[in-house]
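The sequence and the structure are shown first, and the description follows.

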Amino acid sequence: MSIIGSMEATPSRVRLLVSVLSERTSGETPERLLAFCSPKPLWRNVAEPTVIFRQTLKAAKDLRLIEEEGDKLRLTSSLSSRREFTEATFLASLEAVLLPVSAPDDDGEAAFARAIAWFLMQSVKLPLQFGVTKKDDIQKQLGDEGDVYDLTNKDRWNAFTYWCRYLGFGEALAARSMVPDPTVALRRLLPRVFSKGQEAPIGTFLQSLASVSPVFEEGRVRSEVEGRCRPAFARQPQRLSQSTSFALIRLEQLGLIHLDARADAQAMVMDFGADAPRRLSRVIYKGERA
């Protein structure tokens with residue numbers, strides 16, 4: 001069952017459970033954890049007062065963040081072994097399950113990574129509305145017979161947008177819509193593969209990025225999804241997607257990277273929709289400011 005199958009299990013709710021248990025190193029019983037997260041005075045006039053807690057707890061277990069040991073709940077070893085619980089450690093744990101670089105043994109969450117890859121292939125100039133199923137769009141672009149990555153109805157699409165935005169791959173607009181924008185995710189991922197001042201040809205840059213995230217160009221999942229594209233929607237090999245192009249420009253404007261276009265070097269084209277394209281042959285990582 002994919003994480004987007006439950007509307008109740010939002011990222012903030014899952015994080016709350018994990019945060020509470022991070023402060024209770026000896027674990028906690030489900031009853032006491034429920035009482036803390038959803039006290040009974042809030043149950044008044046609610047038909048199923050524990051459903052949000054139960055669905056969120058199930059999601060946290062499926063994401064391998066929380067486990068049961070005897071009669072208590074506790075953080076899994078991947079989280080409890082860390083010196084302290086932070087937003088960075090939480091995101092890293094989510095990425096390990098939701099966006100694994102290598103193919104996972106259990107593909108329960110594989111649909112989510114493919115949905116992210118498909119989303120990043122969409123135009124940044126055409127916002128995707130909340131509350132509307134994306135099944136027809138996927139089939140139009142990738143074919144009628146293939147997987148639609150669990151985005152089978154509007155509720156699943158809405159749940160997807162929560163997790164997509166939380167992980168830094170999309171940006172919500174005021175008009176109840178979302179555009180693909182992986183700027184936040186890229187900013188988080190780049191220090192894992194580049195040191196300050198390091199530079200790389202664009203091909204090497206993408207391969208390095210694929211070593212820590214499978215949903216960008218050259219990544220395992222992205223290549224699989226792009227391989228399904230009908231010709232009219234396929235990305236040209238020497239052209240970056242609009243979402244990657246705009247994210248790189250934003251990171252350059254923030255002073256974190258420098259984008260170079262050398263005349264004598266192999267280059268790719270950055271796609272800005274109707275705006276003039278830009279050649280890119282090399283990326284220099286300048287790093288975060290002190």
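In this predicted model, helix α9 (residues 183-193) has the buried residues Thr183, Ala185, Leu186, Arg188, Leu189 and Leu190. The cover over these buried residues includes the helices α5 (87-98), α10 and α12 together with the strands β7 (257-260) and β10 (282-285).

**Overall architecture**

Twelve helices and ten strands make up the secondary structure of the protein. Its radius of gyration is 21 Å, close to the 19 Å that the globule rule gives for 290 residues, so the protein is as compact as a globular protein of that length. Taken along the principal axes, the C-alpha atoms fill a box of roughly 65 × 45 × 40 Å. Of the 290 residues, 48% are buried. When contacts between residues at least 6 apart in sequence are considered, 66% of them join residues at least 24 apart.

**The nonpolar core**

The largest nonpolar core comprises 82 residues, and Ile66, Phe112, Phe160 and Phe169 have the most contacts inside it. Helix α6 (residues 110-120) gives the most to this core, contributing nine residues.

Which residues surround Ile66, once its neighbours within four places in sequence are left aside? Ile66 is then in contact with Leu17, Val18 and Leu21, with Leu57, Ala60 and Lys61, and with Leu73, Arg74, Leu75 and Thr76.

**Aromatic pairs**

The model contains nine aromatic pairs. A pair of aromatic rings is described by the distance of the centres and the angle of the planes. Two of the pairs are set out below.

| Pair | Centre to centre | Angle between planes | Arrangement |
|---|---|---|---|
| Trp157 and Phe160 | 5.4 Å | 25° | stacked |
| Phe246 and Phe272 | 5.2 Å | 90° | edge-to-face |

Why does the pair of Trp157 and Phe160 count as stacked? The planes of the two rings stand at 25°, and planes under 30 degrees apart count as stacked. Trp157 and Phe160 are three residues apart in helix α8 (residues 154-166), and therefore about one helical turn separates them. An α-helix has 3.6 residues a turn, so residues three or four places apart point the same way. Trp157 is buried, because its relative accessibility is 0%. Phe160 likewise has a relative accessible area of 0% and is buried. Ring pairs also join Trp157 and Phe160 with Phe112 and Phe119 in a cluster.

Phe246 lies in helix α12 (residues 242-253), whereas Phe272 lies in the loop between β8 (268-270) and β9 (278-280), so the pair ties together parts that are 26 residues apart in sequence. Both Phe246 and Phe272 are buried.

A charged side chain also meets an aromatic ring: Arg24 lies over the face of Phe36, at 4.9 Å from the ring centre.

Ser177 is located in strand β5 (residues 177-180). Its relative accessibility of 2% makes Ser177 a buried residue. Apart from neighbours within four places in sequence, Ser177 is in contact with Pro127, Leu128, Gln129 and Phe130, as well as with Glu171 and Ala172.

Arg282 belongs to strand β10, one of the elements that cover the buried residues of α9. Is Arg282 buried or exposed? Arg282 has a relative accessible area of 18%, and because buried means under 20%, this residue counts as buried. Its side chain makes a polar contact with the side chain of Glu199, at 3.2 Å. With neighbours within four places in sequence left aside, the residues in contact with Arg282 are Glu199, Ala200, Pro201 and Ile202, along with His258, Leu259, Asp260 and Arg262.

Ser211 is placed in the loop between α10 (202-210) and α11 (220-226). With 42% relative accessibility, Ser211 is partly exposed. A polar atom of the Ser211 side chain lies 2.4 Å from the backbone oxygen of Ser208. Beyond residues up to four places away in sequence, Ser211 touches Val101 and Val193; Val193 falls within the residue range of helix α9 (residues 183-193). From C-alpha to C-alpha, Ser211 and Ser12 are 28 Å apart in space, and 199 residues separate them in sequence.

Conventions:
Residues are numbered from 1 along each chain as its sequence is written. This is a predicted model: local features need pLDDT of at least 70, side-chain atom pairs count only at pLDDT 80 or more; totals for chains, interfaces and linings use all residues. Side-chain values use heavy atoms; hydrogens and water are left out. A nonpolar core is a set of buried Ala, Val, Leu, Ile, Met, Phe, Trp, Tyr and Cys residues joined through side-chain atoms within 4.5 Å. Buried means under 20% relative accessible area, exposed over 50%, partly exposed in between (1.4 Å probe, protein chains only). Helices (H or I, at least four residues) and strands (E, at least two) are DSSP runs, numbered from the N terminus. Contact means heavy atoms within 4.5 Å. Rings of Phe, Tyr and Trp (its six-membered ring) pair if their centres lie within 6.5 Å; planes under 30 degrees apart count as stacked, over 60 as edge-to-face and the rest as tilted. A charge sits over a ring if NZ of Lys or CZ of Arg is within 6 Å of the ring centre and within 35 degrees of the ring normal. A polar contact is a pair of N or O atoms within 3.5 Å; within protein, one must be able to donate a hydrogen and the other to accept it, and residues adjacent in sequence count only if both atoms are side-chain atoms. The radius of gyration is taken over C-alpha atoms; the globule rule is 2.2 Å times the number of residues to the power 0.38.
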